[in-house]
Amino acid sequence: MKKVFALLLAGAMLVSLTSCSNTTSTPSEEATYTAGTYTGSSQGHSSDVVVEAVFSDSAIESITIDASGETESYGQAATEELVNQFMEAQSAEIDGVTGATETSDAAKRAMQQAIDQALGTTSEEVATLTDGTYSAKASSYGTKGQMEGEVTITNGEISDIVITAESDSQTGQWFGVANEKLIPRIIENQSLAVDSITGATTSSGAIKSIVAQAIEQAGGNPDDWYKEVEKKSDTVTLEDYDVIVVGLGGSGILSYIAAADEGASVFGIEAAGEIGGNSVSTYGPMVVNSKNLNAKYNNGEDNLDPDDVYQTWLEYVGTDEKADIIYRTIYENGEIMDYYMDTFGFSFDGKAFGGESGYLASFVRPDWDKEWIVFTADEDNTKWYDLGPDKLWQFQNALDQAKAMNEKNDYQLELTADELIFDESGNVVGVHAVSYDGTQYEVYGKTVILATGGFLGNDEMMKL
């Protein structure tokens, strides 16, 4: 039986939204700078944002912002507008760029550092927070109200953070990931400069916003709580893998488990705080003539004519440049779905929108009334999010099964691949990656599968 190991994709990071930001001093109209070039730096969404500003004795003459480590489509794309806002305001007090809030806030803090240096002002002593429990709320991913939380200050430090109300968890599992991982890191480091949880950046940003507001209520300045978080500097080397899978969303997981089923030793790399990627926010896949599903829902008859699907797809995309990939996607679809159902227990029941179990109609062709199938929700088929059934358990069960096939098989979350490793002949022999805690990883293997997705968030990839 044929097994498709991979979709050759490459990635981009997710959108991040977060909290308010305060500046410490504003140059007055009479302010006199010491002419020169000054640099400030502050933690953004996923990297330090560096601002370099050139001052005359009376004005900010030019500004450059290095946000190369931020999200390409949001943080990096915001730098030009941020420069324009700083230049027009001639201060760090700007609105920032919607959709790039963490990058904007970091740029504001860095700009203020440069201004303070040019003014010759010294940083004020960090205010001692007043003990107590403070309540705050912030907009987040959920559509049914703001996230609310309580932050407890004890002996001038953050001792507890409790989210008391939120609707993010109605859209998926990502709030739980942020709640579990981000809050302990803020408390441990006593800093808002901890990295947001990739995959849960909006929930992470809302949690940070609640903490920032509580710090302000307690008499502090949130900007003072972006102290640098110490990172590890060691390197871990992992060798002799048959397959390295970069990205454990839907395609990456299917690649991982199929490779493991073939007897390969496999290592998976996932930047997010949980597996699944965008696949856990979908209802289910297109299905073309799965024997299993047709037997269950269509009296054993084909549900679609693959020739018709193929021609319609080519017309829809308006090009035949990658017709071979489209052809395989359609004509091997049913066989591959049956393989994953039979081998790894994936389950579909088609129940959605209050309907009966079975296939769903197409949004492209009204006459295709049996094109899509819906994942079975949790094992009791009762757990549904706003964006579809809970299917993470299916991906996790399959990944656990594949991991157990070889004692060498493993994967790691919050590990971001940043470059391929080549040998002297130019062959790819591994992947370099960085953990959230700073640990460097060099993973070596015979084959590397890039399954990181992100095409719509990466202009360079859209040119491929």
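A: Strands (E, at least two residues) and helices (H or I, at least four residues) are DSSP runs, numbered from the N terminus. Bear in mind that this is a predicted model, where local features need pLDDT of at least 70 and side-chain atom pairs count only at pLDDT 80 or more, while totals for chains, interfaces and linings use all residues. Residues are numbered from 1 along each chain as its sequence is written, and side-chain values use heavy atoms, with hydrogens and water left out.

Now look at the order of the strands. Six of them make up the open sheet, running S11-S8-S7-S14-S13-S12, with mixed pairing. S11 and S12 sit at the edges with a single partner strand each, so one side of each has no neighbour in the sheet. From one strand to the next, the twist averages 35 degrees.

S12 runs antiparallel to strand S13 (residues 428-435), and seven bridges join the two. If you'd like to find one of those partners, Leu415 has Ser435 in S13 as its bridge partner. S12 and S13 form a hairpin with five residues between them, and Gly426 in that turn has a positive phi of about 85 degrees.

One spot to check is Val243, whose bridge partner in S14 is Thr447. Something also lies on the sheet: helix H5 (residues 250-261) packs there, touching S7, strand S8 (266-269), S11 and S14, and its direction makes about 170 degrees with that of S8. Here, contact means heavy atoms within 4.5 Å, and axes are lines fitted to C-alpha atoms (for helices over the stretch in contact), with angles from 0 to 180 degrees between N-to-C directions.

Finally, what about the side chains? Those of opposite charge can pair when their charged atoms come close. A salt bridge means a side-chain nitrogen of Lys or Arg within 4 Å of a carboxyl oxygen of Asp or Glu; by that rule there are eleven. One of them joins Lys446 and Asp242, whose closest N and O atoms are 3.4 Å apart. It ties together parts that are distant in the chain, with Lys446 in S14 (residues 440-450) and Asp242 in S7 (residues 235-246), 204 residues apart.

How open are these two? Under 20% relative accessible area is buried, over 50% is exposed, and partly exposed is in between (1.4 Å probe, protein chains only). Lys446 is exposed at 67%, while Asp242 is partly exposed at 24%.

Arg185 counts as buried at 15% relative accessibility, and Glu414 counts as buried at 8%.

Definitions and conventions
Pairing = 2+ DSSP bridges.
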